[in-house]
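Please read this briefing alongside the sequence and the coordinates.

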Amino acid sequence: MAEKIKVAVAGNPNVGKTTIFNALTGSRQKVGNWPGVTVEKKVGTKNHNGHVLEIIDLPGTYSLTAYSADEVVARDYILEEKPDVVVQVLDSTNLERNLYLTTQLLEMGTNLILALNMSDRAERRGDFIDIQRLESLLGVSAIKTVAGEGKGIDALLDSIVAKKEQNIPLPHEIGYGGMVEEKIYALEEIIKDDPEVFKHYPPRWIALKLLEGDEDVIKKLSSESIKGKVQDFLSAIDNEEYEVEMADKRYQFISTLMPQVCTTCAEEVSPSDMVDKVVTNKYLGIPIFLILMWGMFELTFAFATPFMELIDMFFGWLAAAVASNIETAWLASLLGDGIIAGVGSVLLFVPNIFILFFVIALFESSGYMARAAFIMDKLMYTMGLQGKSFIPMLMGFGCSVPAIMATRTLEDEKDRLITMMVTPFMSCGARLPVYILLAGTFFGRQAGSVIFGLYVLGILVAIVSAKLFRIFLARGKPSPFIMELPPYTKPLLKDSLRHMWNEGYLYLRKVGTVIITGVVLIWMLAYFPQGAEYGSAGSLIGSLGKLIEPLVAPLGFDWKIAVALVFGFVAKEIVVGSLGTLYGTGGGEALSSALMSDPGFTPAIALGLMVFTLLYVPCIGAVAVIKKETGSWKWMFFQAAYSTAVAWVLALVTVLVANLVL
Amino acid sequence: MTSRMPLTMSPPGQTCRICDVCAGRGLKRRLVELGLTHNSIIQPIGCSRGCLLVSVNGTRFALGRGMATKIMVEPVCEGGAQIG
């Protein structure tokens, strides 16, 4: 077997980069983290004519300055890992702007292949791109692709292998003109003795970045004395002037290139205009958004019901089979009351989770998600955030963990911190089972509306909290808002299904690991000490529950709920799973009727519990990622304490009001 | 030089050319990276609460109003084929 070829896929956002990545790797992806939206590295492998390609999907970036965390990730990967080949995906209908990133990749000395994506659209409007010309002028390989239809993918794979074998990493240089070149040369002279630079980085590139005032690059120098010299040098000149000059020169380079490689490259008359006029309309925008959201939850609820009934029936059958076939009392109880009841009650919601993720994927890939950010900008701004923060928040409907990671696209540190702090209030998929159980049990036909209301409450709490944080913790104005809105596209069914499967798979895996452990633990606590009635106040869990009951007693919650909430910190689905275990009923109908017949469990309590589950400390996974992304224990503990306090107060209000009204 | 104005004052649908960006370095660089540079063709499409929707070289952008006031434009004739 030949050695591995490391390939990195780079490109501007919205050029079809992820689609190309999917087409290149097929199904063989290692989803290290959360896929679909490119916030983290995704790795896939591909065998092509006896070569093994390891393909990495980099975050979408417009350039490789250290403007946002995403750009740093992409840039550092190229610098540190030195992929054998970099594939840049370009939008053929917007070549000029995409080539800006190309110039930067070339300057880093990458072995570059350009994938001219959406070439069908460019051709349809009469553009002719001269590939050979482009290749010879830039010293790269170029392939036309239509990722959605899989066109050009094989050629791209061939080209990657060929490029690796020919391997001439020749940094392409753009002349910046006498004045700038002089400074670049002087800087190169200063840094060339730095051992780190000497070993790892192209010195000219480092010099360029230093001259552009890139602070992240200064950190890459290892010698303190050289660092000092560089800083002296830079403070003596006017950075800004050079920076603008260099950007201009890059564009000049591109604009002399363009007429040679692309004849009749025309302005696009966009078909999105009409749609955009409606969905981003001053008056219609927000109502349309709300209707779509409401529709999403109705759909999640309605479509899933038949599947849920099937799953419920299956677990009912399984429980009966276990009860009648296993003699050993404790084993029967472990399997029946513990695992089947606990896991079953969580697995029941798999159809909902899958449908929810599918709809979110549709929003994302159709281009509507970005419009939502646009519509919400004004509201977000008055609340101390910018429109872009709304995207991580929307993703929070799926799962807080990738959503918090998605805040990396925010350039401003304060914007990012606040967004991370409030994103967990967006109701994630794991909380959905709790709503479905409780709303379904106590609110019957209004369940959809109750759940919708909870989601809105989550958004409101997030927004109000953001405002408070902006006033008290991170003063200042949100950074100016600018965002590209991708053209509307027909969402690719295959990609949406893949996204759904990947997210749903994570849910299944969570059930198989964390949740099963959690429910077995709860079962043990409920079963022992010997002699105590299962799950009664006399069992271990009963004592534990009684111990913490006073904390939530003002809300009207009993010890069972207290226990469920404590274990819900591991994963919020466990709130349902542990209720299933504690009532010893399993999920679905049986648990519903058990709850209904419990006099301590009124509709008001159910509402309060849903509000509490929505708002209290996010699950352990989300808390960990907050620690990782903020790099601070302080913010992590603050978020946990703040959200729990908010949950307590609002749940109390909910219960009190509901008692009056219901 | 006759009719320069901030982007915010340009009526929707009017095709314009960017003549200047009066912004600090970080912002200016960001705009350049996104393709909003000197001489780019820009067309306001509409505005939502406080936010502008523009088309630049065929790509759609959402721009905060604050930023839009810093972009100076001049109108160009419709159908001007020499745009580049």
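The notes below go through the structure by topic.

This is a predicted model, in which local features need pLDDT of at least 70, side-chain atom pairs count only at pLDDT 80 or more, and totals for chains, interfaces and linings use all residues. Residues are numbered from 1 along each chain as its sequence is written, chains are lettered from A and ligands numbered from 1 in the order in which they are written, and side-chain values use heavy atoms, with hydrogens and water left out.

**Aromatic pairs**

- A search of the whole structure gives 21 aromatic pairs over all chains; rings of Phe, Tyr and Trp (its six-membered ring) pair if their centres lie within 6.5 Å, and planes under 30 degrees apart count as stacked, over 60 as edge-to-face and the rest as tilted.
- Y435(A) and Y455(A) make an edge-to-face pair, with 6.1 Å centre to centre and 80° between the planes.
- Y435(A) is in helix 21 (residues 432-443) of chain A and Y455(A) in helix 22 (residues 447-472) of chain A, so this pair ties together parts that are 20 residues apart in sequence. Helices (H or I, at least four residues) and strands (E, at least two) are DSSP runs, numbered from the N terminus.
- Both Y435(A) and Y455(A) are buried; buried means under 20% relative accessible area, exposed over 50%, and partly exposed in between (1.4 Å probe, protein chains only).
- W633(A) and F637(A) form a stacked pair, at 6.3 Å centre to centre and 25° between the planes, and both residues are exposed.
- W633(A) and F637(A) are four residues apart in helix 30 (residues 633-661) of chain A, so about one helical turn separates them.
- A cluster linked by ring pairs holds F425(A), F469(A), W635(A), F638(A) and Y642(A).

**Charges over rings**

- K627(A) has its charged end over the ring of W633(A), 4.8 Å from the ring centre; the criterion is NZ of Lys or CZ of Arg within 6 Å of the ring centre and within 35 degrees of the ring normal.
- The charged end of K560(A) likewise sits over the ring of Y583(A), 4.4 Å from its centre.

**Nonpolar surface**

- V649(A), V653(A), V657(A), L660(A), V661(A) and L662(A) make up a nonpolar surface patch with about 610 Å² of accessible area together.
- Patches are made of residues with over 30% relative accessible area and no salt bridge, where like charges are joined within 9 Å and nonpolar side chains (Val, Leu, Ile, Met, Phe, Trp, Tyr) within 5 Å. A salt bridge is a side-chain nitrogen of Lys or Arg within 4 Å of a carboxyl oxygen of Asp or Glu, and accessible areas come from the Shrake-Rupley method with a 1.4 Å probe, only the protein chains shown counting as cover for residues.
- V649(A) lies in helix 30 of chain A and counts as partly exposed because its relative accessibility is 46%.

**Strand 4 of chain A**

- In strand 4 (residues 51-57) of chain A, seven of seven residues are buried.
- One side of strand 4 carries H51(A), L53(A), I55(A) and D57(A), and the other V52(A), E54(A) and I56(A).
- Strand 1 (residues 4-11) of chain A pairs with strand 4 in the parallel sense over six bridges, with V7(A) opposite I55(A); pairing requires at least two DSSP bridges between two strands.
- Strand 3 (residues 42-48) of chain A pairs with strand 4 in the antiparallel sense over seven bridges, and K46(A) stands opposite L53(A).
- Strands 3 and 4 of chain A form a hairpin with two residues between them, and N49(A) in the turn has a positive phi of about 45°.

**Other points**

- S345(A), in helix 15 (residues 329-347) of chain A, is buried at 1% relative accessible area.
- S345(A) and G588(A) are 243 residues apart in sequence and 6.5 Å apart in space, C-alpha to C-alpha.
- Chain B has two helices and six strands, in the order β-β-α-β-β-β-α-β.
- Of the 84 residues in chain B, 55% are buried.
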